[in-house]
Amino acid sequence: MMRLAAVDLGASSGRVMAGAVGPGVLSVEEVHRFPNGGVRVAHGGGSTLHWDILGLYREMLTGIQAAQRGGELAGLGIDSWAVDYGLLDASGALLGNPVNYRDSRTDGIAQRVAEVVPARELFDITGLQQLPFNTLYQLLAERDLGSAETMLLIPDLLNYWLTGVRGAERTNASTTQLYDVRSGQWATGLASRLGIPSRLLPPLRDPGSVVGTLLPDLAAELGLPELPVVAVGSHDTASAVVGVPAEPGTNFAYISSGTWSLVGLELESPELGDSALAANFTNEGGVDGTIRFLRNVTGLWVLSESLRTWEAQGTPMSLPEVLAQAAGVPPLSAVVDIDAPVFLPPGDMPARIRQACVDTGQRPPEAPGEVVRCILDSLALAYRRTVRQASELTGRPVDVVHVVGGGVRNELLCQLTADACGVPVLAGPVEAAALGNVLVQARALGADLPDLAAMRALIRATHELRRYEPSGRESGWAEAAARIDSRVVA
Ligand code: ADP
Ligand code: LRH
């Protein structure tokens, strides 16, 4: 049996899990969890929303040490949220603190890019959805790239600090909008048309390759052996989708449900048609050459920001409390388009929700339980829309929706998802990303897990899933959809 440390950094929390993998054995145990989130820093009359990258690095090291204390580790791997990066100078020193993708510095940049590279062409090269914070747009928002030598995405930056080796793991590189989805290489022609120096783009590496070993001085300081560091599916969603325990041959959609809800299908090749572009679907690279054809649905972020707002306003509410209240609110009383840009930046979500309801002629929710019910109904409505679109765009039926990630713990949302989508939901595991992370590490280090099907079979054999059946009340959802989008056909 192999023991492995999985570092999984989400936008709302980071965790280090100690994993065990062997014949018929797969488990992950949380050894360290720490909060993550934006840190706003003032400068020259304005401010920038950053991540606390050094704090995350320190917490990660603490977690790896804790994992090693539980038993000799064979390796470690890091996955994190996508698109964000650190810039290194020629000596390899970090230039500035990485910026959080929710910062407003990219406002208006996508439109400027579209004047140089039309959206159709950009999609044809990269296969990516338009998100205002794609790495391409963030790099163009940088004040000065002159002294930058290399751009490292967050997991690659942490890997560099651990091993001294620079590179870009493909699943995360595919989220930059600077990666050619067909050739699997950096889109250097695109970069140079937009004035982004290609020296910034480091050598690509495959998920499942070994990055290097822990730097000897670091290992000695931490009391760790010189462990191999494995490039896993370093985009957290890539690892989470490895961890979707679908049966072979089933027509499944997945929802990776955390700060974001990533809703879509696993494909063998990208879907680059005009309809996919118009529906703003993305083709992100997955483990073993798969494609994640999905849309980002603004996920439980709106709920966690609401809790933060109530706390700041002096009326704190706990998550279990508001969820219990929400369960008692009549369904679909009010719904919003949860994907509207207004819900992207941090701030007072209850106020924004009320405004969106007023704008669509609905009675705005007042009490926290009503606000939370509106959020959950609206999320389920967005899942319904996105699962249907994914199915239509690819011509593939969807018979079951797998939900993985922290949102699995939200039973009301899982039931609403089954109701809205009209198909059963299979919920679990919560820690799919960490499982996907350790499975890819285990294979890289010699475990007999030939393909995704073998990895998923091991998850099914070792983890309980919960099944939610649709309640059959279909019509309410179509009517609610029509309330927020006159283009939606019931
Ligand atoms: P990320 O990886 O993006 O940081 P997670 O997958 O950890 O996110 O999911 C975090 C979300 O899971 C929280 O925002 C919360 O809404 C939900 N969640 C976590 N624990 C519970 C719980 N006990 N009950 C209901 N929801 C929960
Ligand atoms: C989820 C996620 C998602 C990205 C977003 C930036 O954590 O990686 O797949 O679009 O963060």
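Helices (H or I, at least four residues) and strands (E, at least two) are DSSP runs, numbered from the N terminus. This is a predicted model, in which local features need pLDDT of at least 70 and side-chain atom pairs count only at pLDDT 80 or more, while totals for chains, interfaces and linings use all residues. Residues are numbered from 1 along each chain as its sequence is written, and chains are lettered from A and ligands numbered from 1 in the order in which they are written.

With those names in hand, look at P429, which sits in the loop between β21 (425-427) and α16 (432-444). The peptide bond that joins G428 to P429 is cis, with omega at about -5°. Another loop, the one between β6 (75-80) and β7, holds V83. The phi of V83 is near 60°, a positive value in a residue other than glycine.

In the model, residues 72-243 are 33% helix and 18% strand, and their end C-alpha atoms lie 24 Å apart. Residues 253-444 are 46% helix and 16% strand, with 27 Å between the end C-alpha atoms.

Now for the sheets. Strands of a sheet pair through backbone hydrogen bonds, either parallel or antiparallel. Here, two strands count as paired if DSSP finds at least two bridges between them.

One open sheet has 3 strands in the order β8-β7-β9, with antiparallel pairing. Its edges are β8 (94-95) and β9 (150-153); each has a single partner strand, so one side of each lacks a neighbour in the sheet. Strand β7 (residues 85-88) pairs with β9 over 4 bridges, in the antiparallel sense, and L88 stands opposite T150 in β9. Helix α5 (residues 154-163) packs on this sheet and touches β7 and β9, and its direction makes about 105° with that of β9.

Another open sheet has 7 strands in the order β18-β19-β17-β16-β20-β21-β22, with mixed pairing. At its edges stand β18 (282-285) and β22 (466-468), each with a single partner strand, so one side of each is left without a neighbour in the sheet. From one strand to the next, the twist averages 30°. Within this order, β16 (residues 252-257) and β17 (residues 261-267) run antiparallel and are joined by 4 bridges. Y254 stands opposite G264 in β17.

Which helices pack against α14 (residues 368-394)? Among them are α15 (residues 411-421) and α18 (residues 475-484). Axes are lines fitted to C-alpha atoms, for helices over the stretch in contact, and angles run from 0 to 180 degrees between N-to-C directions.

| Helix pair | Angle | Axis separation |
|---|---|---|
| α14 and α15 | about 40° | 8 Å |
| α14 and α18 | about 95° | 10 Å |

Angles under 35 degrees count as roughly parallel, over 145 as roughly antiparallel, 65 to 115 as roughly perpendicular and the rest as oblique. That is why α14 and α15 are oblique to each other, while α14 is roughly perpendicular to α18.

Contacts between residues require C-beta atoms, placed from the backbone, within 7 Å. On the α14 side, residues including L376, L379, Y383 and V387 take part in the contact with α15, where the partners include L412, L416 and C421. The residues of this contact divide into 11 nonpolar, 1 polar and 3 charged. Ala, Val, Leu, Ile, Met, Phe, Trp, Tyr, Cys and Pro count as nonpolar, Asp, Glu, Lys and Arg as charged, and the others, Gly among them, as polar.

Towards α18, L381, R384 and R385 of α14 meet W477, A480 and A481. This contact has 4 nonpolar, no polar and 2 charged residues.

Note on methods: Two residues are in contact if their C-beta atoms, placed from the backbone, lie within 7 Å.
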